[in-house]
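Colleague: I am new to this one. Could you walk me through it in short questions and answers?

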Amino acid sequence: MNYQIKGSRVTACILLALSCLVCFVAAKSFTSMWVEERVYPVEEFQQKKLSDYFSGIKGTPADQPVFIQKGEEEGGTVLLLCGTHPNEPASNLTGVLFLENAKVERGRLIVIPTANIMGFSHNGPQEGHPQGYFIELADGSKRRFPYGNRLSNPIYQWPNPDIYIHPSSGQNLSGKEKSNLNRCYPGRPDGSITEKMAYAIVELIRKEKVDLAFDLHEASPEYPVVNAIVAHERSMELAAMVTMEIEAMGIPIRLEPSPKNLHGLSHREWGDFTDTMPILMETGNPSQGRLRGRTNEDLVVTGKDKCYSRAFDLGKLYIPYDGDQPLSLRVARHTNAVMLFMENLEFINEEKGLTVEGIPDFEEIVKKGVGHFLAASN
Amino acid sequence: MRTKKIVVGLMALMFLFLTGCAWAGDIALTSIGQSSDSMMVKVVLKKMKVTPDTDNLMKAEDLEGKDILIAVVGGSSKGLGAAGIDKDQENQRATDLLSAARDKGIRVLIMHVGGAGRRGKLSDAFIVTAVPFADELIVVEGANEDGLFDSLMEGKDITIRVVPNVRSTSEPLKEVLSLWGMVGL
Ligand SMILES: [Zn+2]
């Protein structure tokens, strides 16, 4: 059979109008993500800007809030960098939990909740990810959190080269990694906007004399470095102490060394370019894994996925997977580990201890859900 | 009078020598598979006031003057990458080191502290290499569910010392080191 499509001016106008409508709806959907995440820190936190540490990012999309709380007693300084990869929600949410609950009694706590703020304003193409997800709060209401992309938004940094040559090491990486905050350290004051942002974070670590610095992440359940602590050699003894405590609580965890020849990553470059003890941690996030099935808000929050159950039965996963991997469990893992690190810090250096109160423990977060400890949005 | 003082002094020295002070540095600690699990064992030993000579890339010649070798087994691709070696090179180093220890009469304690998480293709290759050299074996629960360690120890008169987690390896560590003549733990 032979169909012939007959077009006229009228059909052309209709098609044009329809494409305008699609563009309008899509544009509205895209731009709806261009809002900064609202957080409600306890009043003890003092708010600064990342550009206070490197003025080169002032007035750019890389600038963002930095929250600092100082205890009565002198002690160590800890940086909690969350949201390096905005498609790893347990990271950002752990930062928010600390911001909205922490009472620092000894030492100083610095929290950056949306480290790659330029990745929170878009989704990864062809991933089918939701633009945000809802967490149920203690009063039964729901609060929305953003779900973004691993890389900086191309409206701020485009195009990237085919090959990204990491400036300080000469290491070759895939071109898109130039937009990946955790491949850009130690950063450059005159580089791309993501490199400048990395530089500002390294400047903050130097200027605030951060003793212990966390970079929180999530990884695919099928990736070998998951439910893991990655430590620079300077942080290794402390990390070993904490790993043992976590393991003694019955929480599966692995300790991995930071490869000396893998450049651009926080756990390597923070240690090599500053005096801090860097720690990177990973939890298992089915919504970013390659084996996932239907991708929606529910998957982000519950981690329930039939394909992952099957993969676990086949022995292909690096996390114990009993049909789900709730976001609350993942936040509980990060929170518990961060607290243990801070508690153990004084055993490495007596004067650098840190005491933080008000943070719920592992069991509480798992049982009540992380939303129970977050402020109501208004 | 003076001779008496010297004799007493010498006896005191002998006593110290025999009671463990001379043990400092006589224990070697290494990783087989380049995971950081050996670091955790080092921390446990540190709490017991034992400071071993630690080198995750220890070679046969580094065993000079050592009485005990503690080898912590567990594979890590990140660790191998960090050391700039591959699985086969690491397995060869393990075989050379452990054979040398056996030839020199150095007692070998093999430890696997990573539980179920440190099993799988990579780790198993190192377990199969190292465990047959064990004079004593400490394993954290979860790793021997399929009986791999039992099968590797078959025919040997050694009981596997199983503990629930890394922290509780301090008990069997104390037992083994005392058994091998280390006192004052
Ligand atoms: Zn990540």
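What follows is a short exchange about a metal site, some strands and a few helix contacts.

Modeller: This is a predicted model, where local features need pLDDT of at least 70, side-chain atom pairs count only at pLDDT 80 or more, and totals for chains, interfaces and linings use all residues. Residues are numbered from 1 along each chain as its sequence is written, chains are lettered from A and ligands numbered from 1 in the order in which they are written, and side-chain values use heavy atoms, with hydrogens and water left out.

Colleague: Which residues coordinate the zinc ion?

Modeller: Donors are N, O and S atoms within 2.8 Å of the metal (3.2 Å for Na, K and Ca); water is not among the atoms, so sites may look incomplete. Here the distances are 2.1 to 2.3 Å. Along the chain the donors follow the spacing H-x2-E-x128-H.

Colleague: What arrangement do the four donor atoms make around the zinc ion?

Modeller: Four donors count as tetrahedral if all angles lie between 85 and 135 degrees; four count as square planar and six as octahedral if opposite donors are over 155 degrees apart and all others between 65 and 115; anything else is irregular. The angles here run from 58 to 154°, so the arrangement is irregular.

Colleague: How many residues apart in sequence are the parts that His85(A) and His217(A) tie together?

Modeller: Helices (H or I, at least four residues) and strands (E, at least two) are DSSP runs, numbered from the N terminus. His85(A) lies in the loop between strand S3 (73-81) and helix H2 (89-99) of chain A, and His217(A) in strand S9 (residues 212-219) of chain A, so the parts tied together are 132 residues apart.

Colleague: Which residue in S9(A) is the bridge partner of Leu81(A)?

Modeller: Two strands pair if DSSP finds at least two bridges between them. S3(A) and S9(A) run parallel and are joined by four bridges. In S9(A), Leu81(A) is partnered by Asp215(A).

Colleague: Which residue in S4(A) stands opposite Leu80(A)?

Modeller: S3(A) pairs in the parallel sense with strand S4 (residues 103-112) of chain A, over six bridges. Opposite Leu80(A) stands Val111(A).

Colleague: Which strands stand at the edges of the sheet in chain B?

Modeller: Six strands form an open sheet there, with parallel pairing, in the order S2-S1-S3-S4-S5-S6. Each edge strand has a single partner, so one side of each is left without a neighbour in the sheet. The edge strands are S2 (53-54) and S6 (160-163) of chain B.

Colleague: Which residue in S6(B) is the bridge partner of Leu137(B)?

Modeller: Strand S5 (residues 136-140) of chain B and S6(B) pair in the parallel sense over four bridges. The partner of Leu137(B) is Ile160(B).

Colleague: Is Ala101(B) buried or exposed?

Modeller: Buried means under 20% relative accessible area, exposed over 50%, partly exposed in between (1.4 Å probe, protein chains only). Ala101(B) is found in helix H4 (residues 87-104) of chain B. Its relative accessible area is 0%, so Ala101(B) is buried.
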